[in-house]
Amino acid sequence: VFVPAGISWKPFLLLLIVLVVWDAVDGLRERRWPWDVRASIAVGVLLVATTVGWAGLPEARGARLWLALLAGTLLLLVGERSLRTFSLDRPMLRAVVWSAVVMAATAAVLSFALVGAFGADVIESIDSVPGIDRVGKATYLNEGFVALTNWHQDPGYAAAWMNLWAALVMAAWARGWAFSRWWLNAAIIGGLGAGTFMTMSRTGWFGYVVAIGIAALFVHFREQVSWSRLLRMLGVALAVGVLLVTAFWSVDRPGVGTDLAEALEYRLTQGASLGAPIEGFVEEGIGAQDTRSVVWPRYVNAYQTHPISGIGLGVGWGTPNMQEPHNLGLQLLGETGLLGLFAFLAVAYVVVRWGGGTIGAIAIVVVASTAMTQTVLFEPTLWFSGALYLGKAGVDRSKVHSSDA
């Protein structure tokens, strides 16, 4: 949901600006830099490094992506300060839990709409509402394949959000910050899993398994949650997810919206291939070059041609027969070169070196697991996970202060 005015003005962006100004005013009053100094220097270097590749004035898309990167880094700084200075660990995770409820609920309702349960034109009607980009995306096949985006622009990134939120709900439950009735938390995790299934994203499917597996391992070994409690929760989550998918399948109307059997068959036919079957491939007119097997070598060539500065942030998407690579490393190397890659690694070093805590560790590992097949650089999930870890969410404040000293 957004208002277009040069960029997409989303509600979270407006709130972020308010918090940035608030922090800056506090800093002026206290006559000190309000955010983590090490992280501030690192993200400042990153923001500069990602502009070096631009020749002359930046491309319009490149400028917008840079602003998205700026918003992400500000989210990192503001989130870390919120945890370090105001100890907002619990309310922050409570907000994640409640937004996960909404995320799972809308995924279920919109999935019923995708399969035609409410009529043929419901999704198109929702997408046509001013301020809404889309909630479902017709993709890959000429007909019979509509992927759930659940308010996001892209199905794969929608799945990444749902997977991260599912893992964080488990982390919040382990610390007693979620719903007191454990089965409610399990139902949320299962609902998010069903939503991820309906995105028909292979990365999303794999990412859900990774997210739940990583969260289970962390809360067992670090939070001392027994395997019996974890298996009970995961069993109920699986049951809820299967029941929802079965319900979607049972009301799927042939020739209306998505055809789950056809879409699933297409995805399973692809397997782990980096390419896609060419027959019937449409992807909004982009054509066969949309496949990673075609795009990735072009980003490697872009890096080899401009190894220091890259071809420029956002230039790949605007170049014929290219688009974003769906790979964080190739995005950085191809478009920002070694300068951008090392600057990003500097930010990562600061977060990992001075961060800590189970909650942030879960978030970082889940987000990092998607970096191979998605460009997470411009997604708030990356920077929010960094904030959770750098701010040591869930760690006792006295331990934080003593370690900092």
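What you have here is a predicted model, where local features need pLDDT of at least 70 and side-chain atom pairs count only at pLDDT 80 or more, while totals for chains, interfaces and linings use all residues. Numbering runs from 1 along each chain as its sequence is written, and side-chain values use heavy atoms, with hydrogens and water left out.

**The whole chain**

The protein chain has 16 helices and four strands; these are DSSP runs, with helices being H or I of at least four residues and strands E of at least two, numbered from the N terminus.

| Property of the protein chain | Value |
|---|---|
| Share of contacts with a separation of 6 or more that join residues 24 or more positions apart | 71% |

Buried means under 20% relative accessible area with a 1.4 Å probe, protein chains only, and contact means heavy atoms within 4.5 Å.

**A look at Asn-163**

Asn-163 sits in helix α6, which covers residues 155-174. Is Asn-163 buried or exposed? Asn-163 is buried, because its relative accessible area is 2%. Setting aside neighbours within four places in sequence, Asn-163 is in contact with Thr-196, Gly-204, Gly-207, Tyr-208 and Ala-211.

Methods. Buried means under 20% relative accessible area, exposed over 50%, partly exposed in between (1.4 Å probe, protein chains only).
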